[in-house]
Amino acid sequence: MQTQISTAELNECLPALHRFALQLTRNQDRACDLVQDSVERALRKAHLFDGANLRSWLFTICRRVFLNQIRSEKTRGITVEMDDAPQSRLASAQTQEQIMHYNDVVDAFERLPLNDKVILSLVVIEGMKYEEAAAVLDVPVGTVRSRLSRARSRLMTMVEGENHENEGTQLAAVV
């Protein structure tokens, strides 16, 4: 049985939903965002509404969205506005050695074969899960794992090779 959620019914529930969200978050801005996320989810999942009690259904959705946000904050950490963050945490002075190592890694990455660049970009740089990368590349998850392992090994070998070459030229320059 499919039911429609009318605008009037939804508008009638919004003040109570906002109060509930405020109780959960204890922050006006987060409560507004939570209400918006909850209403969005309710509209996307309207086909699942049984028509019995819209307010109760919205409160359930709100609570679940809130709990999902709490879980994701635990894994990602709390988001802090750039203006509120301590300046000492935003940047650290790079030593010349760190800059040279970074440049070596970037140079080695540029010399990798395209397949290695793609898999490293998806998993390491973009942070995709293996399953997501497998879906993007249309290959099995095991293939993603093996390609990633080989790409990391190649990159490490190339960077270590450059470091040994640099050490040799530095020693020759000293002698």
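Three salt bridges are present in the predicted model, where a salt bridge is a side-chain nitrogen of Lys or Arg within 4 Å of a carboxyl oxygen of Asp or Glu. Side chains of opposite charge can pair when their charged atoms come close. Residues are numbered from 1 along each chain as its sequence is written. The model is predicted, and local features therefore need pLDDT of at least 70 and side-chain atom pairs pLDDT 80 or more, whereas totals for chains, interfaces and linings use all residues; side-chain values rest on heavy atoms, without hydrogens and water.

One of these salt bridges joins aspartate 116 to arginine 154, with the closest N and O atoms 2.5 Å apart. Aspartate 116 belongs to helix α6 and arginine 154 to helix α8 (residues 141-174), so this pair ties together parts that are 38 residues apart in sequence. Aspartate 116 has a relative accessibility of 5% and counts as buried, a class defined as under 20% relative accessible area, with exposed being over 50% and partly exposed in between (1.4 Å probe, protein chains only). Apart from neighbours within four places in sequence, aspartate 116 is in contact (heavy atoms within 4.5 Å) with Ala151 and Arg154. The buried residues of helix α6 (residues 114-125) are Asp116, Ile119, Leu120, Leu122 and Val123. Glycine 127, which follows α6, has a positive phi near 75°.

A further salt bridge is formed by the side chains of glutamate 73 and arginine 30, at an N to O distance of 2.9 Å. Glutamate 73 is located in helix α3 (residues 54-76) and arginine 30 in helix α2 (residues 28-44), so the pair ties together parts that are 43 residues apart in sequence. Both residues are partly exposed: the relative accessibility is 25% for glutamate 73 and 30% for arginine 30.

Within helix α2, the side chains of arginine 44 and glutamate 40 also meet in a salt bridge, with 3.9 Å from N to O. Arginine 44 and glutamate 40 are 4 residues apart in this helix, and are therefore separated by about one helical turn. Glutamate 40 is partly exposed, its relative accessible area being 42%.

Backbone geometry was examined in the loops as well. Most residues other than glycine have a negative phi, and most peptide bonds are trans. Arginine 26 has a positive phi, near 60°, and is placed in the loop between α1 (7-25) and α2. With 73% relative accessibility, arginine 26 counts as exposed. Aspartate 138 likewise shows a positive phi near 60°; this residue lies in the loop between α7 (130-137) and α8. Aspartate 138 is exposed, at 70% relative accessibility.

For the protein chain as a whole, the secondary structure consists of 8 helices and 0 strands, where helices (H or I, at least four residues) and strands (E, at least two) are DSSP runs numbered from the N terminus. The order of elements from the N terminus is α-α-α-α-α-α-α-α. Of the 175 residues in the protein chain, 25% are buried. Contacts between residues at least 6 apart in sequence join residues at least 24 apart in 59% of cases. The accessible surface of the protein chain, from the Shrake-Rupley method with a 1.4 Å probe (for residues, only the protein chains shown count as cover), amounts to about 12900 Å². Carbon and sulfur atoms account for 52% of this surface.
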